[in-house]
Amino acid sequence: MPVQPAETERIAISSSGKMRRYQHFVSLPQVKRIFCLDCQLLLLPADWDKHTSHQQLGNVSLHQLKRPSKLLLALENKKTNAQYLFADRTCQFLLDLIVSLGFRKVLCVGTPRLHELIKLRQFEKNNPVMKSQLLDIDFRYSQFYSAEEFCHYNMFNHHFFGEKSAFEAFQTFMCQDNGVPIIMVTDPPFGGLVEALAHSFKKIVATWKTSQNEDDELPIFWIFPYFFEPRILQCFPTFSMLDYQPDTIRNLVRAHKPSCCYLCL
């Protein structure tokens, strides 16, 4: 039987050597790099016997490892995940806009594709230098990123999994490099409660403000259905709705999600 999600989580998150595991996987010859499709797990040679009856993807390339959202299947539980991802052209548009506005750090809250693109930019050593951190409920990403690059996070109650270490990584990212322009980009699940999300986002802003002037505001891109505009403005009166509709995909198929961008600068 495939490994249950809880077991996968223990392997991917709770192990103190998860980055050593990833580095070991990267060091393998490409023909020995195997990804278990049933368990959504990178397999080391010691794992192969446990997964022989599972569907597998072999010859995983380094480029594929840098785009984990294209390896991982979208989660199917619509009540808790409703997982849609930005299309590549939307990610590129957002990143080009962020760079042109002068931001050099990006907090990606539920936007793994944008995080991937920024990490690719770092790998290719493109200027200007960008930094990003991903906060996401999908623990599977912890297989691919360090504790500084990914935090397992629930945006509906501002909960960081992994005791204090995850929150401390987030806090460090938000408060270090004081003076470097930072923006938060978030794409919550379609049916999420605006009030719960706003409560979490205000806590993110409060963490950032501990290292800023009292009157400063954290710039935020919030991608959400246009018909929630009145509720968003109740929570964030300074937000403005932009005339831009992102493209999204689900399991590699373009999917319609009636979203637009809200911006606070």
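The protein exposes about 13,200 Å², and carbon and sulfur atoms supply 54% of that area (Shrake-Rupley method, 1.4 Å probe; for residues, only the protein chains shown count as cover). This is a predicted model, in which local features need pLDDT of at least 70 and side-chain atom pairs count only at pLDDT 80 or more, while totals for chains, interfaces and linings use all residues. Residues are numbered from 1 along each chain as its sequence is written, and side-chain values use heavy atoms, with hydrogens and water left out.

**Overall make-up**

- Of the 265 residues in the protein, 51% are buried (under 20% relative accessible area; exposed is over 50% and partly exposed is in between, with a 1.4 Å probe and protein chains only).
- The protein has 9 helices and 14 strands (DSSP runs numbered from the N terminus: H or I of at least four residues for helices, E of at least two for strands).
- Among contacts (heavy atoms within 4.5 Å) between residues at least 6 apart in sequence, 65% join residues at least 24 apart.

- In soluble globular proteins, nonpolar side chains tend to be buried together.
- Leaving aside residues up to four places away in sequence, Leu114 touches Cys91, Leu95, Ile98, Val106, Cys108 and Val185.

**Thr186**

- Thr186 is in strand β9 and counts as buried because its relative accessibility is 0%.
- The side chain of Thr186 reaches the backbone oxygen of Val109 at 3.1 Å.
- Apart from residues up to four places away in sequence, Thr186 touches Val109, Thr111, Met155, Phe201, Phe221, Trp222 and Ile223.

**Surface**

- Phe190, Tyr226, Phe227 and Met241 make a nonpolar surface patch of about 390 Å² (residues with over 30% relative accessible area and no salt bridge; nonpolar side chains, namely Val, Leu, Ile, Met, Phe, Trp and Tyr, are joined within 5 Å, and like charges within 9 Å). A salt bridge here is a side-chain nitrogen of Lys or Arg within 4 Å of a carboxyl oxygen of Asp or Glu.
- Met241, in strand β11 (residues 240-241), counts as partly exposed because its relative accessibility is 37%.
- Glu168, in helix α7 (residues 163-175), is partly exposed at 42% relative accessibility.
- Glu168 and Cys151 are 17 residues apart in sequence and 9.9 Å apart in space, C-alpha to C-alpha.

**Backbone features in loops**

- The peptide bond from Asn127 to Pro128 is cis, with omega near -5°; Pro128 is in the loop between α6 and β6 (131-136).
- Asn59, a residue other than glycine, has a positive phi near 55°.
- Asn59 is in the loop between β3 (56-57) and α3 (62-65) and is partly exposed, with a relative accessible area of 41%.
- His158, also a residue other than glycine, has a positive phi near 55°.
- His158 lies in the loop between β7 (150-154) and β8 (159-160) and is buried, with a relative accessible area of 13%.

How values were computed. Polar contact = N/O pair within 3.5 Å; in protein donor to acceptor, adjacent residues only side chain to side chain.
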